[in-house]
Amino acid sequence: MEVDVPWRTIVKILFAALLVWVVLTLRSALTVFLVAVVLAVALDPVVGWVERRRVPRAAGALLTILFLLAAIGSSVALAWSSLSTQGRFTLARAAAVERDLVTRFPALGEMVRSSTDAAGVSTWAARGVQVAHLLTSAAIVLAFGLILTIYLLVDGRRTYQWVRGYVPRRLWTKVDASAADARHVIASYVGGNAATSVFAAVSVFAGLSLLHVPAALVLALCAGLCDFVPVIGLVVALVPAVIMGLTVSPATALAVVALYLLSHAIENYFIAPRVYGSRLRLSSLAVILALAVGAELAGVVGALLALPLAAAYPSIERIWLADYLGPGVVAEHRRVEQAP
């Protein structure tokens, strides 16, 4: 049996392999670019509102980014005193919990002491250098991402049309429909995440303050940030809150668990359906799988970006895969998505 593979097919396979290699090599830069795209889509309505006030689009984009940075900086500055005090208290309590665990489990204490003795002071110095390097890299990446966001806000439409020029003209209708759906999904995702995170932070802060749990502001901030990661974020935010609740009493710790679960239930069943709409209704299994794949490819940022990409799949299926899957499959998937 003779297998004849045309040279054109071989070239396509090699080009696909080269493309995969380039994507894997440049995944950090691509992640920053995707984050800039998400921010640009989310901030575009604000820039459009400023532009309608007869402000040039470039100036409106710059003013929007500066206002966002100023709002974040002002919030941190106003709460910095409480955050620093409560942060030190939280670290002290964590150290106390560690000492208690070492006392209760001597084998764990021997393990910690042996690793510390073997590491020595040089390891702590190396860790300090690593932290400084990470902070510098984060500042550079943040500046690069903000510059990309401003560029996309100013010249995003022309960039999209330039990229679309690589696509055959007969597919432009599908490309435009996919872009419009992706834009709606991203806007819903960012707006919904912002709303649910604010609700989580406010409700947790109010509840922990009523329960007299120490470091309520730090724990509330942690709950708001972790709320960006569905399912897993609840567990990550709950653990330190329960530890702080135990410093008051076991009953307070149980009340903290009830508070977080109640806040999560209100967020999922009352707030999220209204702010997200029907376009981001993902099952818990789909969320966990998307988070796992995104985290494996690009860490925490990849996990966050994976959710809107997963939510955009129904549009891809309807626009690009309907002819291959058949109308019955698409209709059944839509029925399952819209089911309560």
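A: V23 lies in helix α1, where helices are DSSP runs of H or I with at least four residues, strands are E runs of at least two, and both are numbered from the N terminus. The model is predicted, so local features need pLDDT of at least 70 and side-chain atom pairs count only at pLDDT 80 or more, while totals for chains, interfaces and linings use all residues. Residues are numbered from 1 along each chain as its sequence is written, and side-chain values use heavy atoms, leaving out hydrogens and water.

With a relative accessible area of 38%, V23 is partly exposed, because this term covers what falls between buried (under 20%) and exposed (over 50%), using a 1.4 Å probe and protein chains only. Together with F15, L18, L19, W21, L26 and L30, V23 makes a nonpolar surface patch of about 700 Å². Helix α1, which spans residues 7-25, supplies the largest share of the patch, five residues.

Of its 46 lining residues, L39, L68, I72, L225 and F228 are the closest to its centre. Two or more lining residues each come from α2 (27-51), α3 (57-104), α4 (106-164), α5 (172-210), α6 (216-226) and α9 (284-311), and α3 gives the largest share, ten residues. This lining is made up of 37 nonpolar residues, eight polar and one charged. Here a pocket is an open set of points on a 1 Å grid where a 1.4 Å probe fits, with protein on both sides within 12 Å along at least five of seven lines, and lining residues have an atom within 4 Å of a point.

The second largest pocket contains about 1,400 Å³ of space. Its lining has 34 residues, of which V37, Y160, A179, A182 and I186 are the closest to its centre. At least two lining residues are supplied by each of α2, α4, α5, α9 and α10 (313-320), with α4 giving the most, ten residues. The lining of this second largest pocket divides into 23 nonpolar, five polar and six charged residues.

Note on methods. Patches are made of residues with over 30% relative accessible area and no salt bridge: like charges are joined within 9 Å, nonpolar side chains (Val, Leu, Ile, Met, Phe, Trp, Tyr) within 5 Å. Accessible areas come from the Shrake-Rupley method with a 1.4 Å probe; for residues, only the protein chains shown count as cover. A salt bridge is a side-chain nitrogen of Lys or Arg within 4 Å of a carboxyl oxygen of Asp or Glu. Ala, Val, Leu, Ile, Met, Phe, Trp, Tyr, Cys and Pro count as nonpolar, Asp, Glu, Lys and Arg as charged, and the others, Gly among them, as polar. Grid points are joined across faces, edges and corners, and a volume is the space filled by probe spheres set on the points.
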